[in-house]
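Please read the following report alongside the sequence and the coordinates. It takes up helix packing, charged pairs and a few individual residues in turn.

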Amino acid sequence: MDKFRIMVQFLQANQESFMNGICGIMALASAQMYSSFEFTCPCLPDYNYAYGIGILIVPPIWFFLLGYVLNNNISVLTEEWKRPVGKRRKDPAVLRYMFSSMTQRALIAPAVWVAVTLMDGKSFLCAFSATADLSEFLNESYPILSKKELVKFQARIPCKDVFDGHEIISIDAATRYIRCFSQACGWSFLMVITIVAFLIRAIRPCFTQAAFLKTKYWSHYIDTERKLFDETCKEHAKGFAKVCIQQYFESVSGEIVPQSQLPTKKGKGKKDDDDGEKQKSDEEKLLGIRKEEDMNKVLWNWHLCKPALMLTKRAEDMNGHAHLDTLSLSKECNHHTPVKTTAVAYYSKV
């Protein structure tokens with residue numbers, strides 16, 4: 001269990017490696033799914049093309065959407081895109097960088113499916129067997145068939161168990177001919193996506209290195225900020241619940257037995273000190289927010305008016321704890337205080 005927890009923490013800390021692993025697993029899953037898929041061509045002129053092209057297009061679309069669903073950054077991108085501007089402006093370049101990164105990862109599994117399908121050639125054979133020009137493989141000694149009969153006859157080429165025209169056409173030669181085109185399309189597809197990936201990953205940073213570094217930095221910042229905010233909220237919720245439960249039990253015990261009648265235990269000084277330090281740490285996790293209304297204001301203000309990206313020194317009190325005035329923060333986010341101007345008149349004694 002500890003090893004599994006360590007592995008999960010490692011994957012969460014290395015989000016990019018985790019998403020690359022997910023994309024690799026999806027790519028392998030797409031290839032394995034195609035190998036285990038039972039391909040059944042209808043062998044009818046009106047349905048062969050729809051079935052073959054559907055096998056080539058529909059599963060890649062499903063893998064593409066699944067790649068977005070499994071990517072955690074899709075919620076980060078949507079939140080950043082739809083949030084109010086507040087004190088922090090939106091950078092379209094950062095949004096485009098995040099969207100392009102997710103799209104590149106989501107396209108891996110569909111590309112593998114299309115490449116494997118074209119290399120195998122079954123769907124290509126089913127889709128184009130009825131319309132392909134196979135006059136070179138026809139038996140010239142056999143009576144000439146009409147165009148409609150020829151199309152119906154060629155549509156049964158992918159189905160060797162129902163094909164009954166071996167004396168008219170060589171089914172093996174026709175199958176190899178169509179699969180040759182399918183594999184040529186597959187290699188061309190791999191070459192095109194490899195060149196495009198090379199241009200995107202290697203050439204683009206060379207021309208816009210400064211802009212690329214800026215967009216990459218702020219996209220990582222947005223992701224990291226959300227993680228830290230979620231972790232801080234979890235710690236606050238844990239401390240809030242713990243203090244609330246402790247205060248509840250203390251109030252109930254005080255109602256049942258008066259504090260003056262409770263027996264005092266001796267020799268527990270060290271334990272009491274440890275409990276006091278632990279309670280103090282729980283109080284520190286609350287960060288000065290001890291009411292439900294205040295926490296709701298903090299969460300609402302974080303969504304409505306995120307702080308500006310300008311770090312300043314925080315004012316601390318005597319005990320070294322920073323306090324957050326949620327009311328003033330809410331007013332600052334929703335209202336702007338107008339600048340008051342005072343007119344000054346000077347009079348001369350002369």
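## Packing of α5 against α6

In this predicted model, helices α5 and α6 are roughly parallel to each other, because their axes cross at roughly 30° and angles under 35 degrees count as roughly parallel. The two axes come within 4 Å, with α6 spanning residues 108-120. On the α5 side the contact is made by Gln104, Arg105 and Ala106, and on the α6 side by Ile108, Ala109 and Pro110. Sorted by class, the contact of α5 with α6 has four nonpolar residues, one polar residue and one charged residue.

## Salt bridges to helix α10

The structure holds five salt bridges, among them one between the side chains of Glu79 and Arg226, with an N to O distance of 3.6 Å. This pair links distant parts of the chain, since Glu79 belongs to helix α4 (residues 73-82) and Arg226 to helix α10 (residues 209-256), 147 residues apart. Glu79 counts as partly exposed because its relative accessibility is 32%, and Arg226 is likewise assigned to the partly exposed class, at 27%.

Another of the salt bridges joins the side chains of Arg88 and Glu225, at 3.0 Å from N to O. Arg88 lies in the loop between α4 and α5 (92-106), whereas Glu225 lies in helix α10, so the pair ties together parts that are 137 residues apart in sequence. Arg88 is buried, with a relative accessible area of 7%, and Glu225 is buried as well, with a value of 12%.

Asp91 forms a salt bridge with Lys214, and the closest N and O atoms of this pair are 3.8 Å apart. Because Asp91 is located in the loop between α4 and α5 and Lys214 in helix α10, the pair ties together parts that are 123 residues apart in sequence. Asp91 counts as buried at 18% relative accessibility, whereas Lys214 is partly exposed, with a relative accessible area of 41%.

## Asn73 in helix α4

Asn73 is found in helix α4 and counts as buried, because its relative accessibility is 15% and buried means under 20%. When its neighbours within four places in sequence are left aside, Asn73 is in contact with Met102 and Asp223. The C-alpha atoms of Asn73 and Asp223 are separated by 7.4 Å, although the two residues are 150 residues apart along the chain.

Cys43 is found in the loop between α2 (15-36) and α3 (48-70), where it has a positive phi of about 60° although it is not a glycine. Most residues other than glycine have a negative phi. With a relative accessible area of 7%, Cys43 is buried.

Ser129 lies in the loop between α7 (122-128) and α8 (147-154), and at 0% relative accessibility this residue counts as buried. Which residues does Ser129 touch, not counting residues up to four places away in sequence? With that exclusion applied, Ser129 touches Asn48, Phe124, Leu134, Gln154, Ala155, Pro158 and Ile178.

Note on methods:
Residues are numbered from 1 along each chain as its sequence is written. This is a predicted model: local features need pLDDT of at least 70, side-chain atom pairs count only at pLDDT 80 or more; totals for chains, interfaces and linings use all residues. Side-chain values use heavy atoms; hydrogens and water are left out. A salt bridge is a side-chain nitrogen of Lys or Arg within 4 Å of a carboxyl oxygen of Asp or Glu. Helices (H or I, at least four residues) and strands (E, at least two) are DSSP runs, numbered from the N terminus. Buried means under 20% relative accessible area, exposed over 50%, partly exposed in between (1.4 Å probe, protein chains only). Contact means heavy atoms within 4.5 Å. Axes are lines fitted to C-alpha atoms, for helices over the stretch in contact, and angles run from 0 to 180 degrees between N-to-C directions. Angles under 35 degrees count as roughly parallel, over 145 as roughly antiparallel, 65 to 115 as roughly perpendicular and the rest as oblique. Ala, Val, Leu, Ile, Met, Phe, Trp, Tyr, Cys and Pro count as nonpolar, Asp, Glu, Lys and Arg as charged, and the others, Gly among them, as polar.
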